[in-house]
Amino acid sequence: MPREAFFAEAEHVPAQEAVGRIAAEMISPHRPGVPVVAPGEVVNAEVVDHLRSGVEHGMLLRRNRAP
């Protein structure tokens, strides 16, 4: 399923709308660079909260896929 999710048509949505959706690519914030979500995984509220908290404390998220 990760391969299918990665190559499927995708759209960017605000974080609050990502809960319950399937990730199209890996989310691996920088510092420390450990993947939080893999392609094909369902994004849950805990992941969104973790990423929001991290960004508030200086963690970097980069958008890789064109809109």
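Predicted model: local features only at pLDDT ≥ 70, side-chain atom pairs only at ≥ 80, totals over all residues.
Start with helix 3, residues 45-56. Its twelve residues, at 1.5 Å a residue, should span 16 Å. The end C-alpha atoms lie 16 Å apart, which agrees with that expectation.

Now look at which side of helix 3 faces inward. Val47, Val48, Leu51 and Gly54 are its buried residues. Viewed down the helix axis, these buried residues fall within an arc of 130°, so they line one face of helix 3. Helix 2 (15-18) is part of what covers them. On the other side of helix 3, Glu46 and Glu56 are exposed.

The two ends of helix 3 have details of their own. At the start, a side-chain oxygen of Asn44 reaches to within 3.1 Å of the backbone nitrogen of Glu46. Just after the helix, Gly58 takes a positive phi of about 100°.

Next comes the core. The largest nonpolar core has eight residues. They are Ala18, Ala23, Val37, Val43, Val47, Val48, Leu51 and Met59. Helix 3 gives the most to this core, with three residues. Met59 is one of the core members. Leaving aside residues up to four places away in sequence, Met59 touches Pro29, His30, Arg31, His50, Leu51 and Gly54. Of these contacts, Leu51 and Gly54 are also among the buried residues of helix 3.

Turn now to charge. Side chains of opposite charge can pair when their charged atoms come close. With a side-chain nitrogen to carboxyl oxygen limit of 4 Å, the count comes to one salt bridge. Arg21 forms a salt bridge with Glu11, and their closest N and O atoms are 2.7 Å apart. The pair links distant parts of the chain, ten residues apart. Arg21 sits in the loop between helix 2 and helix 3, while Glu11 sits in the loop between helix 1 (2-7) and helix 2. How accessible are the two partners? Arg21 has 34% relative accessibility, so it counts as partly exposed. Glu11 is exposed, because its relative accessible area is 55% and the cut-off for exposed is over 50%.

Finish with Val34, in the loop between helix 2 and helix 3. Is Val34 buried or exposed? Its relative accessibility is 52%, so Val34 counts as exposed. Val34 still has contacts: not counting residues up to four places away in sequence, it touches Ile27, Ser28 and Pro29. Pro29 also touches Met59.

Definitions and conventions: Residues numbered from 1 in each chain as written. Heavy atoms only, no water. Helix = DSSP H or I, 4+ residues; strand = E, 2+ residues; numbered from the N terminus. Expected span 1.5 Å × (residues − 1). Buried < 20%, exposed > 50% of the residue type's maximum accessible area, 1.4 Å probe, protein only. Arc of directions from axis to C-beta. Contact = heavy atoms within 4.5 Å. Polar contact = N/O pair within 3.5 Å; in protein donor to acceptor, adjacent residues only side chain to side chain. Core = buried A, V, L, I, M, F, W, Y, C linked by side-chain atoms within 4.5 Å.
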